[in-house]
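Trainee: I have just opened this entry and would like a friendly walk through it. Could we take it step by step?

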Amino acid sequence: VIHSLHEECPQCNGLGLIPTPSTEVSQLERWIQSYRAGKGDRRITIRVAPEIYSYVMAGKFSKRLQLMWKYWVKIKFVKDNNIGPREFKLYDRNNKTALTLK
């Protein structure tokens, strides 16, 4: 009966939990590491949810700066209200082509 009356939550996939901003940034960092290992581009734009944007940009030595120094990549974060808390979109330096790992 429960399954016929309810739908699975698109944010948590039915778990009732969503990841913390630090978990999201860890996933993003793993993506950056893989991208840098496979490609040579040093400039990317990352579109994230407002909560993640606030987390990444907070403080004098923000997570953004830490990632930039660690991987020698110029990262531009963009706050996007249309993106859910569990996702992020990555683009090339001109913000025209979506990036994916192959």
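Predicted model: local features only at pLDDT ≥ 70, side-chain atom pairs only at ≥ 80, totals over all residues.

Trainee: Is Leu-90 buried or exposed?

Mentor: Leu-90 is found in strand S3, residues 89-91. The cut-off for buried is under 20%. At 6% relative accessibility, Leu-90 therefore counts as buried.

Trainee: Which residues does Leu-90 touch, not counting residues up to four places away in sequence?

Mentor: Let us begin with Leu-28, which is 62 residues from Leu-90 in sequence, while the C-alpha atoms of the two are 9.7 Å apart in space. With residues up to four places away left out, Leu-90 touches Leu-28, Trp-31, Ile-44, Thr-45, Ile-46, Thr-97, Ala-98 and Leu-99.

Trainee: How are H2 and H4 oriented to each other, roughly parallel or roughly perpendicular?

Mentor: Two packed helices are described by the angle between their axes and the distance between the axes. Helix H2 covers residues 21-38 and helix H4 residues 63-71; their axes come within 11 Å and cross at roughly 25°. Angles under 35 degrees count as roughly parallel. H2 and H4 are therefore roughly parallel.

Trainee: Which residues of H4 meet H2?

Mentor: H2 passes H4 in a right-handed crossing. By class, the residues of this contact are four nonpolar, one polar and three charged. From H2 come Val-25, Glu-29, Ile-32, Gln-33 and Arg-36, and they meet H4 at Leu-67, Lys-70 and Tyr-71.

Trainee: How is H2 oriented to H3, roughly parallel or roughly perpendicular?

Mentor: Helix H3 spans residues 50-57, and its axis lies 10 Å from that of H2, at an angle of about 80°. Angles of 65 to 115 degrees count as roughly perpendicular. So H2 is, relative to H3, roughly perpendicular.

Trainee: Which residues of H3 meet H2?

Mentor: The contact of H2 with H3 has five nonpolar, one polar and one charged residues. On the H2 side are Pro-21, Ser-22, Glu-24 and Val-25, and on the H3 side are Ile-52, Tyr-55 and Val-56.

Trainee: Are the rings of Trp-31 and Tyr-35 stacked or edge-to-face?

Mentor: The count of aromatic pairs comes to two. For Trp-31 and Tyr-35, the ring centres are 4.9 Å apart and the planes are at 10°. Planes under 30 degrees apart count as stacked. The pair is therefore stacked.

Trainee: How far apart in helix H2 are Trp-31 and Tyr-35?

Mentor: Trp-31 is buried, with a relative accessible area of 11%, and Tyr-35 is buried as well, at 4%. The two are four residues apart in helix H2, so their separation is about one helical turn.

Trainee: And are the rings of Trp-69 and Trp-72 stacked or edge-to-face?

Mentor: Both Trp-69 and Trp-72 are exposed. Their ring centres are 5.5 Å apart, with the planes at 70°. Planes over 60 degrees apart count as edge-to-face. This pair is therefore edge-to-face.

Conventions. Residues numbered from 1 in each chain as written. Heavy atoms only, no water. Axes fitted to C-alpha atoms, helices over the stretch in contact; angles between N-to-C directions. Parallel < 35°, antiparallel > 145°, perpendicular 65-115°, else oblique. Left-handed = near helix turned anticlockwise from the far one by under 90°. Contact = heavy atoms within 4.5 Å. Nonpolar A, V, L, I, M, F, W, Y, C, P; charged D, E, K, R; others polar. Phe/Tyr/Trp six-rings, centres within 6.5 Å; stacked < 30°, edge-to-face > 60°. Buried < 20%, exposed > 50% of the residue type's maximum accessible area, 1.4 Å probe, protein only.
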